[in-house]
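Biologist: I would like to go through this model with you. Where shall we begin?

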Amino acid sequence: MSEGDVAFLRQRSRRVAELLGFSQQDQTRIATAVSEIARNALSYGRGGQAELAVSTAESGRDLQIRIIDKGPGIDDLTAILEGRYRSTQGMGVGITGARCLMDRFDIDTSAEGTCVTLEKILPVSALGTDAAIARLVDCLSADAMADADGEVRLQNEDLTRALEVTTDRQVQLDRLNAELVETNRSMISLHAELENRAEQLKRFNDGLEAAIAAAIKERDEAEALLRQAQKMEALGQLTGGVAHDFNNLLQVIVGNLELLDRQLPEDAPRWRRSVSNAMEGANRAAILTQRLLAFSRLQPLNPKPIDVAQLSHGMFDILSRTLGQHLELAIRIDPDLWFAEADPHQLENAIVNLAVNAGHALVQGGTAIVSAHNVDAAASHAVVGLEPAQYVAICVSDTGTGMSPDILDRVFEPFFTTKDVGQGTGLGLSQVFGFAKQSRGHVKIDSIVGEGTTVTIYLPRSMDAPIEAFVATLKPTMKAAPSETVLVVEDDLQVQNYTVEALTELGYRVQRADDAVIALDVLGKIDRIDLMLTDVILPGGLSGPQLAERAQKLRPGLKVLFASGYIRDAVTDTGHLATGIDLLQKPFRYDELALRVRQALDQPVSTAGSIPVGHADLTPVGGGASRDNRGFM
């Protein structure tokens, strides 16, 4: 058997099927099944033989094709017939396909060879008698050609008899055919409609897939922002707690250095220099803690309407000195810029910090640009993380080295820096981040390696115009009036001892308490208490503000001054000091303690305990609001 034999067998089986009255569709099925099995016999059975016959069994008449090969047999026949096996050469496909095309299928395989039997039930329109059918099949063979005329006569006789039997059936078939034609028209119309619906469904699915992809991307971005926010919140809580404990330590160091400095004789310059050097170190440490509090969004802010254009132009000289003579500075403010709502001194610090970073990025020279423009996020949500509202955007840009994406992911973390040792602490951008968030704004960085960086601070728009703010100045130390008594409530014994000693030196009578319970007991026993100076965070279940509320019920008109190095309990959700909180932030200096205690005592009774924090230059030593502290990154 050759490939030509397979083609001949396919043709012969189709011809036989045609002569037997099978439809064109069944003719194709029979020819396809026969050719598939014959090709298997040729490919895997190394040739064989094919037999075509018409069965006349009592169970019914059918066309029977048997294909036999002498090959090695089929090892995986069960798996093939159950649809579990697929040959890499396609044997399984041929067998299972032929099985589906025929009415009956049988296969017998062994090591001696394989025999496949295919059967197709004859249609009702098949030729009548067995003899006529047999002669029709025989006429296809080469041997029957010798007596073609006689064979034709015999066939004609059989055909005549068969035609008589099938005439009525032909009429029925014609009628059925007409019905099928009409059905076919309907099916074509239905098929066209289905194709149209399928196209609509495809377009819908494409749109749905795009929408799902966009939703997944938006979800992933939101999850990334949430993870970043949670990380920054955790870092904020950690750094805030560290700053609280560190500020208490600094209070002890700064306070005792001041006491020592006041007690040193004038003719001890060496000791005075040592004290001065120690104080300078403490001041720089205070700067770090203040910036940690800024990152933690726990610095006391004094927000007010700001003319950003006026503030930016007014900073030109200090920014120029910060950048140095080898770098250019440009200030570009959009016309009709809105007023912003923020603490102006903290905004100045933020701009200076960003300018310092820009200067470090401009290693080959270049330009730093301070610009500002209006942003209506209520009409556009283009800035991720910005709540719908109106903002003033202040940008500090440079044409420097830029930052890679992995660095951008960490730039707001405290103490993260790419600068060399000694050139920065890594707190500049974290302070800017905390200031923007505490001011109900946002900060965003855009950077491309080799092209430059732009840091944008978004501050909420103020509908009020700026007014001249009251600025208090430190006056000479103010001593106590006769018999004035201050109750100091402080759980840190060293801070308590320093505060009591400083107030005693100022002439005050001092009572002390370690917690709120002891303080309330002292208030109930001591006749005269003019002022209660209490830490915001206290042990024992009562905070400083809660103690003040109970104390003022016990002694109406009692004046209260709060002190803290960690003011979470003293601020509202917006990051502003709660109503009624007059705060002295740790670490405080001797002169500052003297002034703030004096101011609190001199307030009228009706406003005691509700003094607003509006003294711009009364920040703790090394605090973020002092212009002298700029440049420490």
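Modeller: Let us begin with leucine 554, which is in contact with Leu520, Leu523 and Gly524, leaving aside its neighbours within four places in sequence; contact means heavy atoms within 4.5 Å. This is a predicted model: local features need pLDDT of at least 70, side-chain atom pairs count only at pLDDT 80 or more, and totals for chains, interfaces and linings use all residues. Residues are numbered from 1 along each chain as its sequence is written, and side-chain values use heavy atoms, with hydrogens and water left out.

Biologist: How far apart in space are leucine 554 and leucine 523, C-alpha to C-alpha?

Modeller: Leucine 554 is in helix H15; helices (H or I, at least four residues) and strands (E, at least two) are DSSP runs, numbered from the N terminus. In sequence, leucine 554 and leucine 523 are 31 residues apart. In space, their C-alpha distance is 7.9 Å.

Biologist: Is leucine 554 buried, partly exposed or exposed?

Modeller: Buried means under 20% relative accessible area, exposed over 50%, partly exposed in between (1.4 Å probe, protein chains only). Leucine 554 has a relative accessible area of 46%, so it is partly exposed.

Biologist: Why are the buried residues of H14 on the same side?

Modeller: Helix H14 spans residues 516-525, and its buried residues are Ala516, Ala519, Val522 and Leu523. They share a side of H14 because they cover an arc of only 115° around the axis, taking directions from the helix axis to the C-beta atoms. On the other side, the exposed residues are Val517, Gly524 and Lys525.

Biologist: Which residue joins its side chain to that of threonine 114 in a polar contact?

Modeller: Threonine 114 is found in strand S4 (residues 113-121). At 7% relative accessibility, threonine 114 counts as buried. A polar contact is a pair of N or O atoms within 3.5 Å; within protein, one must be able to donate a hydrogen and the other to accept it, and residues adjacent in sequence count only if both atoms are side-chain atoms. At 2.9 Å, the partner is threonine 109.
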